[in-house]
Amino acid sequence: MSSRASRGSRSDVATVVISQKVRAGREDDYRRWQDRTSETVRGFAGFEGTELYPPDSPGGASAGAGGNEWVVVFRFSHLDQLSTWLDSEARHELIEQGGDLFEEPPTQEVLVGGTPVHDSVTAVISHVVRPDQEPEFVRWQDRVLAAQRAFPGFMGSELFRPVKGVQGRWVAVFRFDNRPHLDAWLESPARERLLDEGRAFFVSYDVRKVGSAFGSWFRFDTSVEEGAPPNWKQAMSVLLALYPTVKVLDLTVGSRLAALGVPGYLGLFLSNVLSVAILTWLLLPLLNRLLAFWLMPGRAQSLRTQVTGTVLVMLCWAVFLVVFAVTAG
């Protein structure tokens with residue numbers, strides 16, 4: 001895990017996770033204030049997106065430290081652009097305007113790096129590490145990672161080093177495929193034992209649980225063992241979704257466009273637009289869930305699983321070929 005301590009050398013993408021304990025009864029005022037903040041940040045160079053998670057919302061944020069805690073996430077293309085926003089007069093004015101909305105000053109963690117991946121739940125844990133204990137803390141995080149690998153649904157983790165001039169905390173970020181699996185790890189005796197051991201290396205820590213939209217901003221690993229599925233599995237899955245999609249569109253939309261006199265080059269373009277949309281937002285997310293036992297590197301570790309998933313996909317290919325041979329041959 002120490003080798004993945006920071007992606008700053010490989011990507012300048014920067015994300016800030018801000019936790020805010022809103023006073024009871026001021027939720028509507030806070031939403032309006034946050035709307036103004038989101039509108040203001042859109043005018044800053046490098047801004048890519050923002051997400052707001054209410055406390056314990058389904059699939060959203062969870063009040064990691066208790067109380068009426070909201071989590072807002074801002075993503076910028078580069079760390080210097082994020083820093084410009086964090087240090088800007090416009091943001092300081094907004095903080096001053098919203099000061100009475102919060103029970104205590106907000107906390108924030110800045111994460112540098114990350115590559116998009118989808119369908120996960122993320123935990124963000126910030127640590128105040130004891131002076132001169134950084135090497136021991138990193139080795140302890142390696143032991144945490146080894147324990148996490150044994151838990152169902154684990155999808156990857158990364159350790160972010162402090163960002164000089166921005167924040168002094170170490171931030172561990174890890175993904176699970178759903179909230180129950182994440183909670184099973186967070187509440188496990190194995191993690192409790194590791195926390196008891198780790199208190200020799202850090203003074204305090206805070207936990208934030210965030211839903212899939214934020215989790216999708218991080219890949220954590222490009223290796224086969226923990227990151228995305230290997231290319232051959234991705235190719236097989238795409239073909240499984242692409243072939244029936246293209247064939248059905250050809251038999252329906254394509255024929256209709258030809259009957260209307262639409263030129264072939266334009267009809268092909270429109271069909272491609274539809275097929276890409278169907279694959280991106282419907283079929284591939286569905287296949288990712290159905291074939292997770294085979295696609296997810298953390299699960300597909302046995303030869304039996306590898307063979308079962310591969311044969312299953314090939315059988316589906318064969319079924320589609322037979323169906324279209326009979327219906328459209």
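Predicted model: local features only at pLDDT ≥ 70, side-chain atom pairs only at ≥ 80, totals over all residues.

User: How many helices and strands does the protein have?

Analyst: There are eleven helices and eight strands. The protein has 329 residues, and 44% of them count as buried.

User: What share of the contacts comes from residues 24 or more positions apart?

Analyst: Taking contacts with a separation of 6 or more, 77% involve residues 24 or more positions apart.

User: Salt bridges next. How many?

Analyst: The count is eight. Four residues, Arg26, Asp29, Arg32 and Asp100, are linked in a network of them.

User: Which residues pair with Arg26, and at what distance?

Analyst: Asp29 is one partner, with the closest N and O atoms 2.8 Å apart. Asp100 is another, at 3.8 Å for the closest N and O atoms.

User: How accessible are Arg26, Asp29 and Asp100?

Analyst: Arg26 is partly exposed at 24% relative accessibility. Asp29 is partly exposed at 28%, and Asp100 is partly exposed at 45%.

User: What about Arg75, which residue does it bridge to?

Analyst: Arg75 pairs with Glu48, the closest N and O atoms being 3.0 Å apart. Arg75 lies in strand 3 and Glu48 in strand 2, so the bridge ties together parts 27 residues apart in sequence. Arg75 is buried, at 7% relative accessible area, while Glu48 is partly exposed at 44%.

User: Now Arg191. Where is it, and is it buried or exposed?

Analyst: Arg191 is in helix 6, residues 189-198. It is buried but has no salt bridge.

User: How far away is the nearest side chain of opposite charge?

Analyst: That is Glu192, 4.8 Å away. A salt bridge requires the atoms to be within 4 Å.

User: What does the Arg191 side chain reach, then?

Analyst: It reaches the backbone oxygen of Leu186 at 3.0 Å. Leaving aside neighbours within four places in sequence, Arg191 is in contact with Ile125, Trp185, Leu186, Tyr205 and Val207.

User: Last topic, helix 4. What is its span?

Analyst: Helix 4 covers residues 134-148, and its 15 residues reach 21 Å from the first C-alpha to the last, close to the 21 Å expected.

User: Which of its residues are buried?

Analyst: In helix 4, Phe137, Val138, Trp140, Gln141, Val144, Leu145, Ala147 and Gln148 are buried. They cover an arc of only 165° around the axis, so they lie on the same side of helix 4.

Note on methods: Residues numbered from 1 in each chain as written. Heavy atoms only, no water. Helix = DSSP H or I, 4+ residues; strand = E, 2+ residues; numbered from the N terminus. Expected span 1.5 Å × (residues − 1). Buried < 20%, exposed > 50% of the residue type's maximum accessible area, 1.4 Å probe, protein only. Arc of directions from axis to C-beta. Lys, Arg positive; Asp, Glu negative; His and termini not counted. Polar contact = N/O pair within 3.5 Å; in protein donor to acceptor, adjacent residues only side chain to side chain. Contact = heavy atoms within 4.5 Å.
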